[in-house]
Amino acid sequence: MVFKSKIKWVALFVLTLSLGSLVVHLSMTKFSNMNLVQYSVKDALSHDFPNIGLPGGRNKRLWGAVRSLESLQPYANPRNSYPVPNENNNGFIYAKIFGGFEKIRSSICDLVAISRLLNATLVIPEIQESTRSKGISYKFKSFSYLYDEEQFIASLKNDVNIVKSLPQYLKAARKRNEFPTFKPKNSASPNFYVKEILPNLKKAKVVGLIIMDGGCLQSILPPSMSEFQRLRCRVAFHALQFRPEIQILGRRMVERLRAWGLPFLVYHSGLVRDTLAYHGCAELFQDVHTELIQYRRAQMIKQGIINDELSVESHLRRENGSCPLMPEEVGLLLRAMGYPSKTIIYLAGSQTFGGQRLLIPLRAIFANLVDRTSLCSKTELSDLVGPETPLPPDIFQQPRPKTEEQLKEEWNSAGPRPRPLPPPPDRPIYQHEKEGWYGWITKNDKEPDPSPMDLRMQAHRLLWDALDFIVSMEADAFFPGFNNDGSGWPDFSGLVIGQRLYERAYSRTYRPDRKNIAALFNITRDDMYHPKRNWTLSAKEHLNRSLSEDVLIRQSLLSKPTSFLSHPLPECSCRISSVETTKQIKGKDGRFLYGGEQECPKWMQSAEAEGVKNDDSESLEDDNDVIEQLEPDVADVTTSLTSLIDLDEEWDPND
C-alpha cells in the first residue's frame, strides 16, 4: 500500500510540473508574439540588396554604356526620293507564315519590302501558329493575336498599301484556289520576284505566298536598294508593335524588375530542339532529350534540310562553336566577368529544351534567376491569352488485355521447346507517363501529330516570346546563349541584338564567340593552365572585347548574310560628328562592314549634344556620391578592394 501511494504522489508531481511548464510557455508566447519577424519576399530581397536606393549602386564596369558606340543613332527615314504608293497598283499579295516568333517577325518585314518592290497591296498576313490552334480567344484574329493591326497599317501608309482582307469579290476565287501560289526561299533575290512573280501578279491580280523558312527575301541587297533595307527597319522597329495587352503586361514586368533600383541582365539560352538537331548537338544532353534531338535530325535529313550524317561528334561541333553555351557555362562566364551572385537575371525564351534540370547549376550560381512566371501571376497570364474554348479531356485508356486464345496462339508460335518462361505481365501505364511530350518515344518510332493542346501551347509561346522581347529590349545587359548559328533561320537573340544595336547601340549587349569560349573551357578541363587568375582574366577580356566596335565587323560577316535585322548597319543608322574619326572597313564584295553610316541631321546632333552634357553632369554627380560614400568607412573600402583583387583567385575554375 505504501508503494502504491508513493507512485501516486510521483505521478501527481510530474503532472503538476507538466501543467506548470505549459502555463509558462503559453505566457512566454503571449508576451513575445509582438516581436516575431514575419517572412516576406520583399524583406528577403532587401536583405540581399542592402544598397537599394543608395547612389553608386551601379557598377559602370558591369553595367555602363559602351563609349565607342555612342555616336551611332537610329535613323531609318527615307533619304532619297521616295514616292507615296498609288492605289492603282499591280494587285494584291496575301501570305501564310509558318514558324515561331522570330520567323514571323522576319517574314513580315520581307513581305512589306516585296510589296513595295512589286507595287502591290499587301493583305495582312496570316500567322499559322495561331490559326492552326483551335479554340483560341475569339477576340483576336491571326495577326492581331500578336501585333496591333491598326498601328501596323497606319505606320506604313507612306510605304505600302495594306488592307485587312481581300475584297469580297476575290475571296471566293481564293477559296477555289484560282490564284497562283509560290513558296519562295529565304534567299530569294529581287530578280526572282521581278521576273517570276510580277508577271503572274499583273495577270491574275492576286498572288499567294507561303513562307516557311523565316523569310522570303535575301538579307543583303545591292547598294541601290538601300531604301528597301531601311523599309525593313521601319517595319521591324516601328510598325510591328505588340497589341496593347502585351505591351501593358510587358511594361509591368519591367517595372517590377526596376522596383528594386538595381540593373538586371537578360539571358536567352537558345536551346531549341530544331536548332540543336540541325547542328548535331544531341550528345550534350542526356536520356530522352538525346533521342528526341536525333529523331528530329533524322527528319531533317529525310526532308533535305540537312546534307550530313545522322550521328556526329557533338563535342567537336561544340568546339567549332556550332552548339549553344550551356547555362552553367554562362554562369561561370558572368561570375568571371565580375557579376555578383546576387545579380538579378531574367531568363528569356518561351521554352528551354532540356527543362529545369539544365538550369540548376545556373540557379546555384545566381540565386535571383527569374522568368515571366516569377513576375506575373496566373491571372495576368490567363487574361493575356483571353477566353478560350475548353478542350475535351484526353482520357487515357489502358490497352485491352489479351484473350486466352491470343495467349495460346502466341505460345504455340513461340518456337521450338525448351522454351523460357513467359515474361511477367506489363506494369500499368500511369497517366503522368502518357501525358509528357516525350512519352511517345518509349512506345513508337514515329512522332505523333500535335494534339489540340500542343497547337494551343504553340500559340501561347508567341505571347511568352513577345513578353520576353519587351523585357530584353529594356534590360541593362543582354547575354545570348546561341546566335549566329549558321542555319540561315532568324533567332530570338539575333533579333534582340539587332534592335538593341539600332535603338541604343551603346547598350551593354554581349556578342560572345562560342568557339573561343569552348577553347577556354577546354583549357580548364584539360588542366593546362596552372597559373591562377589566368582563366578568369582571359574570359573577362573576351567578354569585354565582345562589346567593342571590333566585334561588329565579325557580326557583319556572320549575322547580316542570314538575317538583316540582326545587324541593320550601316543602312539604318547615322553617326554624330565627333572629334574621333571612325575607321571605314569594306569587305571583299565592296560593302561596308563598319563605318559606312552617313552623318546625322543637324537636329539630331543638337539634341544629342544636350543629352551628352546632362549625362556628363550626372556621371560627375555619381562619382562624387561614390567618393562621399567611400570616405566614412575606410575599413569597408579596404575589404572591398581586397575582395576585388582576390576575385579571380577565388573564382578560378581550376580550383
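Trainee: Is Cys109 buried or exposed?
Mentor: Cys109 is buried, since its relative accessible area is 1%. Buried means under 20% relative accessible area, exposed means over 50%, and partly exposed is in between, with a 1.4 Å probe and protein chains only. Keep in mind that this is a predicted model: local features need pLDDT of at least 70, side-chain atom pairs count only at pLDDT 80 or more, and totals for chains, interfaces and linings use all residues. Residues are numbered from 1 along each chain as its sequence is written, and side-chain values use heavy atoms, leaving out hydrogens and water.

Trainee: Which cysteine sulfur is closest to the one in Cys109?
Mentor: That of Cys233, 8.4 Å away, which is too far for a bond. A disulfide here is a pair of cysteine sulfur atoms within 2.5 Å.

Trainee: What about Cys376, buried or exposed?
Mentor: Cys376 has a relative accessible area of 7%, so it is buried.

Trainee: OK, how many disulfides are there?
Mentor: The count comes to three. Count the bonded cysteines along the chain and the pattern is 1-4, 2-3, 5-6.

Trainee: Which cysteine does Cys233 pair with?
Mentor: Cys233 is joined to Cys572, S to S 1.9 Å. Cys233 sits in helix 9 (residues 226-239), while Cys572 is in the loop between helix 24 (550-558) and strand 13 (573-575), so the link ties together parts that are 339 residues apart in sequence. Helices (H or I, at least four residues) and strands (E, at least two) are DSSP runs, numbered from the N terminus.

Trainee: What is the handedness of the Cys233 and Cys572 link?
Mentor: Right-handed, with 85° about the S-S bond. Both Cys233 and Cys572 are buried.

Trainee: And what does Cys281 bond to?
Mentor: Cys281 is joined to Cys323, S to S 2.1 Å. Cys281 lies in the loop between helix 11 (273-279) and helix 12 (288-303), and Cys323 in the loop between helix 13 (314-319) and helix 14 (327-337), so this pair ties together parts 42 residues apart in sequence.

Trainee: Why is the Cys281 and Cys323 disulfide left-handed?
Mentor: Because the torsion about its S-S bond is about -100°. Cys281 counts as buried at 0% relative accessibility, and Cys323 counts as buried at 2%.

Trainee: How far apart are the sulfur atoms of Cys574 and Cys600?
Mentor: They are 2.0 Å apart, and the two form a disulfide. Cys574 is in strand 13 and Cys600 is in the loop between strand 16 (598-599) and helix 25 (602-630), so parts 26 residues apart in sequence are tied together. The torsion about the S-S bond of Cys574 and Cys600 is about 95°, so this disulfide is right-handed. Both cysteines are buried.

Trainee: New topic. Where is Ser130?
Mentor: Ser130 is in helix 5 (residues 128-131). Ser130 is buried, with a relative accessible area of 3%.

Trainee: What does the side chain of Ser130 reach?
Mentor: The backbone oxygen of Ser142, at 3.2 Å.

Trainee: Which residues is Ser130 in contact with?
Mentor: Set aside its neighbours within four places in sequence, and Ser130 is in contact (heavy atoms within 4.5 Å) with Ile136, Ser142, Tyr145 and Ala459.

Trainee: Last one. Where is Leu19?
Mentor: Leu19 is in helix 1 (residues 2-32).

Technical notes:
Polar contact = N/O pair within 3.5 Å; in protein donor to acceptor, adjacent residues only side chain to side chain.
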